[in-house]
Amino acid sequence: VTQSIPACIGSMTINSKQLDNESPVSIFAVNKCYATVQDGTFFDGSGFAALVREGYKVRSDVNITLEFRTTVVHGILLGVSSAKVDAIGLEIVNGKVLFHVNNGAGRITATYEPRGANSLCDGKWHKLQANKSKHRISLVIDGNLVQTDNPYIQSTSADTNNPIYVGGYPADVKQNCLTSKSSFHGCLRNLVLTKGQQAELFDFSRAFDLRGVFPHSCPGAEH
C-alpha cells in the first residue's frame, strides 16, 4: 500500500505510551479531525488542486457543474487556460460569481450578483452550473440563470491545453480568465465537466498536485 489513509486517527499508544499528536517532529498533508464532517473536499485557502496533467481541451462546448460552500467573499473556483489568450475561469469576487470565457477574440463575463451581499458566502451549499456553447455563455446559481451578450460571435473555440486548476493555481502558471489570485477557502463537491454526452466526475484524491486541499471530508461547520 503506497497511498495515505483518508481517515482520522487518534489516541495512539506504543508500548503503553501515548503519542503526542499536537507537536509532531514533522507533518505533511495532515489536517485536523472534525467532530462532524460532510462529503466533499476541503480547501484551506492556501493552495489548489491540479487535474488532467496532459491538459484539458475546452474547445467549443463545455458544461461545468459543482457545489461550493464558503464564508469568504473572494476565491478562485476553477481555471483552464492556454499559453495564449484562450481560457475559461470561474471565481467568487466580492460575493459575486463570475464566469469568464475567452475564445481568442476577447474575454466575456457572465456575472451572478446575489440579492444579499454575502448570501452566497453564508457557509451553506450552493449549486453552480457554467455553460459555454460556442460563443454563448451562461451561469446558473441555485437555479437562477444569468446570460451575457458576446460581440465576438465568429470566435467559438477556447483552445486550451493546460491542466484544470481548482481552488487556486501555482504562482508560475498563467491564467487568462481569472482576475483574482485568492485561493478558495471552503468546501467543494460534485465537480463534473460535460462535453456532449460525455460527463466526467472529478475525484480530487486523484489530482496530480494537491496543496492545502483535503479530498475526503469537509468540516461540518467552518472552523
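Arginine 189 is partly exposed, with a relative accessible area of 24% (buried means under 20%, exposed over 50%, partly exposed in between, with a 1.4 Å probe and protein chains only). The model is predicted: local features need pLDDT of at least 70, side-chain atom pairs count only at pLDDT 80 or more, and totals for chains, interfaces and linings use all residues. Residues are numbered from 1 along each chain as its sequence is written, and side-chain values use heavy atoms, leaving out hydrogens and water.

Arginine 189 forms a salt bridge with glutamate 67, with the closest N and O atoms 3.0 Å apart (a side-chain nitrogen of Lys or Arg within 4 Å of a carboxyl oxygen of Asp or Glu). Arginine 189 lies in strand 14 (residues 185-195) and glutamate 67 in strand 5 (residues 61-70), so the pair ties together parts that are 122 residues apart in sequence. Strands are DSSP runs (E, at least two residues), numbered from the N terminus. Glutamate 67 is buried, at 11% relative accessibility. The charged end of arginine 189 also sits over the ring of tryptophan 125, 3.8 Å from its centre (CZ of Arg or NZ of Lys within 6 Å of the ring centre and within 35 degrees of the ring normal).

## Other salt bridges

The structure holds 3 salt bridges. One joins glutamate 113 and lysine 96, at 3.9 Å from N to O. Glutamate 113 is exposed, at 54%, and lysine 96 is partly exposed, at 28%. Another joins arginine 211 and aspartate 209, at 2.9 Å from N to O. Arginine 211 is partly exposed at 42%, as is aspartate 209 at 21%.

## Aromatic pairs

There are 4 aromatic pairs (ring centres of Phe, Tyr and Trp, its six-membered ring, within 6.5 Å; planes under 30 degrees apart are stacked, over 60 edge-to-face, the rest tilted). The rings of phenylalanine 48 and tyrosine 165 have centres 5.8 Å apart and planes at 75 degrees, so this pair is edge-to-face. Both residues are buried. Phe43, Phe184 and Phe204 form one aromatic cluster.

## Surface patch

Ile5, Ile9, Met12, Ile14 and Leu19 form a nonpolar patch on the surface, with about 470 Å² of accessible area together. Patch residues have over 30% relative accessible area and no salt bridge; nonpolar side chains (Val, Leu, Ile, Met, Phe, Trp, Tyr) are joined within 5 Å, like charges within 9 Å. Areas come from the Shrake-Rupley method with a 1.4 Å probe; for residues, only the protein chains shown count as cover.

Key. Helix = DSSP H or I, 4+ residues; strand = E, 2+ residues; numbered from the N terminus.
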